[in-house]
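Here is a short tour of a few local features, meant to be read with the model open beside you. Please have a look at the chain below, and then follow along.

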Amino acid sequence: MDLGSVFSTVSERLSGDKGEPGSYLAVKISSTAVIATVWFVKDNKVIVGQIGSGNIDDPTWESLLHATDQAVSTALKDEALPSAKTIFAVPYDWVENGKILPEQQASLRRLCKEL
């Protein structure tokens, strides 16, 4: 599988055009951890930045916020991203019928606002 073409397809869909895509912050949330990284496509090559992670110690909002802050702060440590788009990967139990549950959408909005 050509990973570059996968990322290019994703970035084209997100940017809405076929031009040089911008940068993206990818955040994967699981029940026990958050992983974040910055990536972009340049000259048909995928460039992935530093990967940050944070542990979710208990199932509370504060633990999720702390883990996400730790992961994103590490991922963005050496990056200047004034207009990065964020892509979230969420736990399967946050999704029903192909859509993120409303209460989890609220959590994602709150994460974005507070971070």
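Asn97 is exposed, with a relative accessible area of 76%; exposed means over 50%, buried under 20% and partly exposed in between, with a 1.4 Å probe and protein chains only. Asn97 sits in the loop between strand 5 (95-96) and strand 6 (99-100). Strands (E, at least two residues) and helices (H or I, at least four) are DSSP runs, numbered from the N terminus. This is a predicted model, in which local features need pLDDT of at least 70 and side-chain atom pairs count only at pLDDT 80 or more, while totals for chains, interfaces and linings use all residues. Residues are numbered from 1 along each chain as its sequence is written, and side-chain values use heavy atoms, without hydrogens and water.

| Residue | Phi |
|---|---|
| Asn97 | near 55 degrees |
| Asp43 | about 55 degrees |

Most residues other than glycine have a negative phi.

Asp43 lies in the turn of a hairpin formed by strand 2 and strand 3, with 2 residues between them. Strand 2 (residues 33-42) and strand 3 (residues 45-55) pair in the antiparallel sense over 9 bridges; pairing requires at least two bridges found by DSSP. Lys42 stands opposite Lys45 in strand 3.

Now to Ser63, in helix 2 (residues 61-75). Ser63 counts as buried because its relative accessibility is 9%. Its side chain reaches the backbone nitrogen of Asp57 at 2.8 Å. Beyond its neighbours within four places in sequence, Ser63 is in contact (heavy atoms within 4.5 Å) with Asn55, Ile56, Asp57 and Asp58.

Terms used:
Polar contact = N/O pair within 3.5 Å; in protein donor to acceptor, adjacent residues only side chain to side chain.
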